[in-house]
Amino acid sequence: GIVVSWAKINGANSYEVYRRAAGERSWTRIATVSTLSYLDKTVKSNIFYKYTVKAKSGNAISYFNDGALVKRLSDPVITGVYFTNSSVKLQWNKVDGATGYRVYRRGAGQSWRYICTVSALSYTDKTVVKNSYYRYTVRAVCGKYFSDYNPDALFIKYTGELYKPSTKSQAVSYYN
């Protein structure tokens with residue numbers, strides 16, 4: 001989904017969250033919350049949405065503002081992994097609206113490290129070290145918009161041996 005967040009307004013005890021999709025003229029209230037953020041789980045991939053928030057205190061309510069424009073891109077899912085004696089090749093599904101894909105990797109005890117952006121649906125990592133553990137994730141890109149880090153990040157132990165599994169589950173396990 002899309003997380004919408006805003007700054008606290010003095011005196012407000014709740015906030016109304018409004019949304020409209022590209023091409024729509026009127027706002028639709030999608031939630032009333034007392035927090036400073038809202039997760040909109042009803043969005044679809046490759047559609048521009050505009051959000052605005054009104055502050056409320058009793059019967060008093062603020063005006064609409066221009067809002068913020070956001071595009072939701074689905075998270076790519078890694079669908080294949082192949083080992084050679086010097087690399088790991090990843091493949092993932094196509095995401096509607098994506099113009100590229102950002103590949104990230106992290107080793108044991110490390111944070112995500114950006115590797116590269118590609119337009120293809122695969123990437124070959126030639127910087128792997130034999131008998132090392134790695135996690136990979138891919139984010140869809142369209143201009144300034146990105147999908148999230150996929151929570152099902154790929155976890156592998158690179159053995160340095162040739163391996164072409166027939167199913168994803170033969171090659172990978174996942175962190176819970």
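Which residues of the largest nonpolar core touch the most other members? The legends below answer this question and describe further close-up views. The model is predicted: local features need pLDDT of at least 70, side-chain atom pairs count only at pLDDT 80 or more, and totals for chains, interfaces and linings use all residues. Residues are numbered from 1 along each chain as its sequence is written, and side-chain values use heavy atoms, with hydrogens and water left out.

**View 1. The largest nonpolar core holds 24 residues.** Val88, Leu90, Trp92, Tyr101, Tyr136 and Ile156 touch the most other members of this core. A nonpolar core is a set of buried Ala, Val, Leu, Ile, Met, Phe, Trp, Tyr and Cys residues joined through side-chain atoms within 4.5 Å. Here buried means under 20% relative accessible area, exposed over 50%, and partly exposed in between, with a 1.4 Å probe and protein chains only. At least two core residues each come from E8, E9, strand E10 (100-107), strand E11 (113-118), strand E13 (132-142) and strand E15 (154-158). E13 gives the most, with 5 residues. Strands (E, at least two residues) and helices (H or I, at least four residues) are DSSP runs, numbered from the N terminus.

**View 2. Strands E8, E9 and E12 form an open sheet of 3 strands.** Their order is E8-E9-E12, and the pairing is antiparallel. Two strands pair if DSSP finds at least two bridges between them. Strand E8 (78-83) and strand E12 (122-125) are the edge strands, each pairing on one side only. On average, neighbouring strands of this sheet are turned by 15 degrees against each other, direction ignored; axes are lines fitted to C-alpha atoms, for helices over the stretch in contact, and angles run from 0 to 180 degrees between N-to-C directions. Strand E9 (residues 88-92) is joined to E12 by 4 bridges, and Leu90 stands opposite Tyr123 in E12.

**View 3. Strand E10 pairs with both E11 and E13.** E10 is mostly covered, with 6 of its 8 residues buried. The antiparallel pairing of E10 with E13 runs over 8 bridges, and Gly107 stands opposite Tyr134 in E13. Another 5 bridges join E10 to E11, again in the antiparallel sense, with Tyr101 opposite Val118 in E11. E10 and E11 form a hairpin with 5 residues between them, and Gly109 in the turn has a positive phi of about 75 degrees.

**View 4. Strand E15 runs antiparallel to E13.** The two strands are joined by 5 bridges, and the bridge partner of Tyr136 in E15 is Leu154. Of the 5 residues of E15, 4 are buried. Gly160 lies in the loop between E15 and helix H1 (168-171). At 15% relative accessibility, Gly160 counts as buried. The C-alpha atoms of Gly160 and Gly107 are separated by 16 Å, although these residues are 53 apart along the chain.

**View 5. Asn131 lies in the loop between E12 and E13.** Its phi is near 60 degrees, a positive value in a residue other than glycine. Most residues other than glycine have a negative phi. Asn131 is partly exposed, with a relative accessible area of 45%.

View 6. E1 pairs with E4 in the antiparallel sense over 4 bridges, with Ile2 opposite Asp40 in E4. Lys41 and Gly1 are 40 residues apart in sequence and 4.4 Å apart in space, C-alpha to C-alpha.

**View 7. The largest pocket contains about 220 Å³ of space.** Of its 14 lining residues, Gly1, Ile2, Arg72, Phe146 and Asp148 are the closest to the centre. A pocket is an open set of points on a 1 Å grid over the protein atoms alone, where a 1.4 Å probe fits, with protein on both sides within 12 Å along at least five of seven lines; lining residues have an atom within 4 Å of a point. E7 supplies the largest share of the lining, 3 residues.

Notes: Grid points are joined across faces, edges and corners, and a volume is the space filled by probe spheres set on the points.
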